Amino acid sequence: MRKKNFTAALLAATLLGGIANAKTFVYCSEASPEGFDPGLYYSGNTVDASANTIYNRLLEFKKGTTEVQPALAESYEVSNDGLQYTFKIRPGVKFQTTDFFTPTRALNADDVIFSFERQWKADNPWNKYIPSGSWGWFADSGMPDVLDKIEKVDDMTVKFTLKRREAPFLVNLALPFSSVLSKEYAEKLQADGKMDQMDQKPLGTGPFMFVEYQQNAVVRYRANPEYWGGKPPIDDLVFAITPDASVRYQRLKANECQIMSNPNPADVAAMKEDADFKVLEQEGLNVSYLGYNTTQAPFDNREVRKALNMAINKQAIVDAVFQGRATIAKNPVPPTMWSYNDAIEDDKFDPEVAKKMLAEAGVKNLSMKIWAMPVSRPYMPNARRAAELMQADLANIGVKAEIVTMDWGEYWKRSAAKDRDGAVTLGWTGTGDPNDFFYTLLSCGAVGGNNRAQWCNKEFDELVTKARESGDRAERIKLYEQAQVVFKREAPWLTIAHSLIAVPMRKNVDGFIQMPTSDFIFTEVDIQE
């Protein structure tokens with residue numbers, strides 16, 4: 001009880017201005033992180049709380065773009081056959097010195113190899129250090145299939161050898177699951193029998209050091225004074241976990257936080273008119289969807305899925321849930337992504353035809369569940385409201401839909417189950433390569449992971465696999481365009497919307513750059529007095 005009261009008092013003090021003589025920045029985030037090991041989790045709030053603060057990768061996205069550039073790697077070379085990638089590690093990069101661990105050496109090749117092999121090799125002692133954890137993003141990106149070996153050339157050089165060409169390989173190395181952890185810290189935890197602390201007391205090379213976490217309340221960080229990129233302008237960073245978007249807005253107005261995530265779309269206009277605020281906006285590299293479990297009857301019948309899609313009024317969802325700040329989605333990738341197939345025709349909203357199609361499929365008195373996310377996301381501000389609209393539309397064709405929801409961590413875990421019933425509302429914000437949508441979300445290899453539709457279609461899989469292996473962008477575009485034709489024909493999802501992303505902040509915030517990936521990165525953020 002004493003610890004809890006201390007933490008609450010500390011949060012209150014931080015929100016009122018922070019520790020004396022220290023510059024404190026507060027971010028009102030939408031949900032608690034599931035943990036702090038960047039290899040174990042996909043969700044944006046967890047990525048921001050771990051990969052984007054505590055850790056770095058060999059390559060990272062250039063601020064404001066999806067272009068990869070060297071980070072922990074000082075440079076790299078690719079062999080002529082595209083099968084070998086050799087990285088020169090940046091010299092002198094220090095792991096963070098914290099209250100719970102003091103490193104004795106700088107970053108080297110051993111750390112890079114450890115960070116990948118723990119996810120890749122089943123006999124690695126860290127592969128199952130958390131029984132309920134999984135390396136889903138690593139697997140869903142196809143990394144186990146493409147990696148042949150990772151070698152230490154010398155202390156500061158690492159060579160990746162692939163089994164075949166892999167066009168998105170460099171992009172994959174910039175994704176959160178490719179974060180580099182300290183092998184020395186891992187060995188200490190293993191020797192002490194405290195391996196679970198890797199997910200609870202994280203330590204990396206990043207701009208901020210972990211200080212404290214209270215679930216559903218606050219995560220506290222301190223600027224890393226020895227950060228290889230230079231100490232961040234702010235001294236203390238606080239994630240004030242605030243699930244309700246209206247409460248986040250009130251905290252922003254009261255200057256209890258300086259920036260917030262995922263505003264209610266209906267509030268954005270007022271935020272733009274407020275002289276104390278500035279609002280950044282851009283088209284989201286995202287999609288929201290309703291994913292059917294295509295292995296369970298009657299959702300294993302594409303005609304049933306098509307009928308349900310035609311019964312749902314997506315424009316009404318865009319108007320009511322997104323307040324018009326989105327466009328209707330017809331493809332699993334957004335129009336801002338190269339390879340988008342604009343020739344695809346969306347399923348028409350036609351309840352009468354939908355009702356007829358269900359009858360022809362022999363489906364009567366259908367009851368189903370619609371899973372509604374309990375948190376707002378850039379691609380879906382209010383899943384409960386969207387589910388209610390879908391529920392009403394389905395009732396019009398005689399389908400009874402029950403809305404279910406649960407804690408976010410449980411929702412994320414249970415929605416991946418292969419025997420999950422009904423359809424799940426989710427979405428995705430991708431990177432600069434279409435593979436991050438097509439393969440990660442819809443391939444046979446991602447079934448049971450990010451492929452929440454549990455959809456495995458041989459024709460689609462062959463197309464997206466060929467696209468991964470091709471080094472010719474024009475060829476990749478054609479293959480992905482064909483894959484979208486298959487996707488639309490088979491309808492594993494109801495594609496809902498691509499949203500416009502707004503990031504509201506106090507007018508004195510400086511240095512925040514909006515990312516196409518919707519990441520919140522505070523390395524260069526400052527507050528003007």
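Mentor: Gladly. Helices (H or I, at least four residues) and strands (E, at least two) are DSSP runs, numbered from the N terminus. Glu529, for instance, sits in the segment after β20 (526–527). Please keep in mind that this is a predicted model, where local features need pLDDT of at least 70 and side-chain atom pairs count only at pLDDT 80 or more, while totals for chains, interfaces and linings use all residues. Residues are numbered from 1 along each chain as its sequence is written, and side-chain values use heavy atoms, with hydrogens and water left out.

Trainee: Why is Glu529 called exposed?

Mentor: Buried means under 20% relative accessible area, exposed over 50%, and partly exposed in between (1.4 Å probe, protein chains only). Glu529 has 85% relative accessibility, so Glu529 counts as exposed.

Trainee: What is the phi of Asn255, and of Gln454?

Mentor: Asn255 has a positive phi of about 60 degrees, although it is not a glycine. Gln454, also a residue other than glycine, has phi near 55 degrees. Most residues other than glycine have a negative phi, and most peptide bonds are trans. Asn255 is in the loop between α8 (245–253) and β11 (259–260), and Gln454 is in the loop between α15 (435–442) and α16 (458–469).

Trainee: Which peptide bond is cis, with omega near 0 degrees?

Mentor: The one from Ala297 to Pro298. Pro298 belongs to the loop between β13 (286–292) and α10 (302–311).

Trainee: How do you know that β4 and β5 pair?

Mentor: Two strands pair if DSSP finds at least two bridges between them. β4 and β5 (residues 84–89) have five bridges, in the antiparallel sense, so they meet that cut-off. As one example, Ser75 has Lys88 in β5 as its bridge partner.

Trainee: What is the order of the strands in the open sheet?

Mentor: The order is β4-β5-β7-β6, with antiparallel pairing. β4 (73–78) and β6 (147–154) are the edge strands, as each pairs on one side only.

Trainee: What makes a space a cavity and not a pocket?

Mentor: On a 1 Å grid over the protein atoms alone, a cavity is a set of points where a 1.4 Å probe fits but cannot get out; a pocket is an open set with protein on both sides within 12 Å along at least five of seven lines, and lining residues have an atom within 4 Å of a point. Four cavities of 30 Å³ or more are found in the whole structure. The largest cavity has about 130 Å³ of space, and the closest of its 13 lining residues to the centre are Pro263, Pro265, Pro378, Pro381 and Leu500.

Trainee: How many residues does β18 give to the lining of the largest cavity?

Mentor: Strand β18 (residues 493–506) gives four, the most of any contributor.

Trainee: And which element supplies the largest share of the lining of the largest pocket?

Mentor: That is α14, with five residues. The largest pocket has a volume of about 1,300 Å³, where a volume is the space filled by probe spheres set on the points, joined across faces, edges and corners.
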